[in-house]
Amino acid sequence: MCGWQDVCDNAGGKVLISGSYRLGVNFKGGDIDSIVVVPRHLTHEDFFETFVPKLQKLEQTEDIIPIAGAHVPIIQLLFNGVDIDLLFCALNSATVPNRLNILDDSILAHLDPKSQRRYAVCGQFCPAVFP
C-alpha cells in the first residue's frame, strides 16, 4: 500500500549551488546563491508559507527576508553567519532524480513562468550534472 508518507519519502529534492560560489570566484563576505529543486506537488506558496516558518525556528538562521513577489522570488537569510539566497523551482515531475541535468531543456517544458526564470538562473551558472 502506498500512502502519503511513501510519496514524501520517495519524492526527493535538491539544493543546488549556483553563482560565484559554484564557479569558485566568490569572495569573503559574498552570498551563496542556491536553488531548491522540488517535485511538482510542492508549490511556490509552500516555499514561502511553510518553509519560511520552519527556517525561522532554526537557531542557526537569522535575518530571514522572504521576497515572494519579486520577478525571481527569493528567500534571503543568514545561516550560521553565511549570507544565503534561496530560489525555488518545482519540476514537472513527481520526483527529483538523483542525478539532475539542469541543462536539459525538456525540464523547462511544462514549468510555470516563475519557475522557468528561477531554473534559468541556475542553469546559466551551474555545471550540467549534479550527483
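Which residue of β5 stands opposite Ile 75? The legends below, drawn from a predicted model, include the answer.

**View 1. The open sheet has five strands in the order β1-β2-β5-β4-β3.** Pairing within this sheet is mixed. β1 (14-18) and β3 (61-67) each have a single partner strand and stand at the edges, so one side of each lacks a neighbour in the sheet. From one strand to the next, the twist averages 25 degrees.

**View 2. Strands β2 and β5 pair in the parallel sense.** The pairing of β2 (residues 32-38) with β5 (residues 82-90) extends over seven bridges. Ile 35 has Leu 87 in β5 as its bridge partner. Helix α3 (residues 44-57) packs on the sheet and touches β2, β3, β4 (74-79) and β5. The direction of α3 makes about 165 degrees with that of β3.

**View 3. Strands β4 and β5 form a hairpin.** The two strands run antiparallel and are joined by five bridges. The residue opposite Ile 75 is Leu 86 in β5, which settles the opening question. Two residues lie between β4 and β5. Asn 80, in the turn, has a positive phi of about 50 degrees.

**View 4. A hairpin joins β3 to β4.** β3 and β4 pair in the antiparallel sense, over five bridges. Opposite Thr 61 in this pairing stands Phe 79 in β4.

**View 5. Thr 61 is a buried residue of strand β3.** Its relative accessibility is 10%, and buried means under 20%, so Thr 61 counts as buried. The side chain of Thr 61 reaches two backbone oxygens: that of Leu 55 at 2.4 Å, and that of Leu 58, which lies 3.0 Å from a polar atom of the Thr 61 side chain. With neighbours within four places in sequence left aside, Thr 61 is in contact with Leu 55, Gln 56, Leu 77, Leu 78 and Phe 79.

Conventions:
Residues are numbered from 1 along each chain as its sequence is written. This is a predicted model: local features need pLDDT of at least 70, side-chain atom pairs count only at pLDDT 80 or more; totals for chains, interfaces and linings use all residues. Side-chain values use heavy atoms; hydrogens and water are left out. Two strands pair if DSSP finds at least two bridges between them. Helices (H or I, at least four residues) and strands (E, at least two) are DSSP runs, numbered from the N terminus. Axes are lines fitted to C-alpha atoms, for helices over the stretch in contact, and angles run from 0 to 180 degrees between N-to-C directions. Contact means heavy atoms within 4.5 Å. Buried means under 20% relative accessible area, exposed over 50%, partly exposed in between (1.4 Å probe, protein chains only). A polar contact is a pair of N or O atoms within 3.5 Å; within protein, one must be able to donate a hydrogen and the other to accept it, and residues adjacent in sequence count only if both atoms are side-chain atoms.
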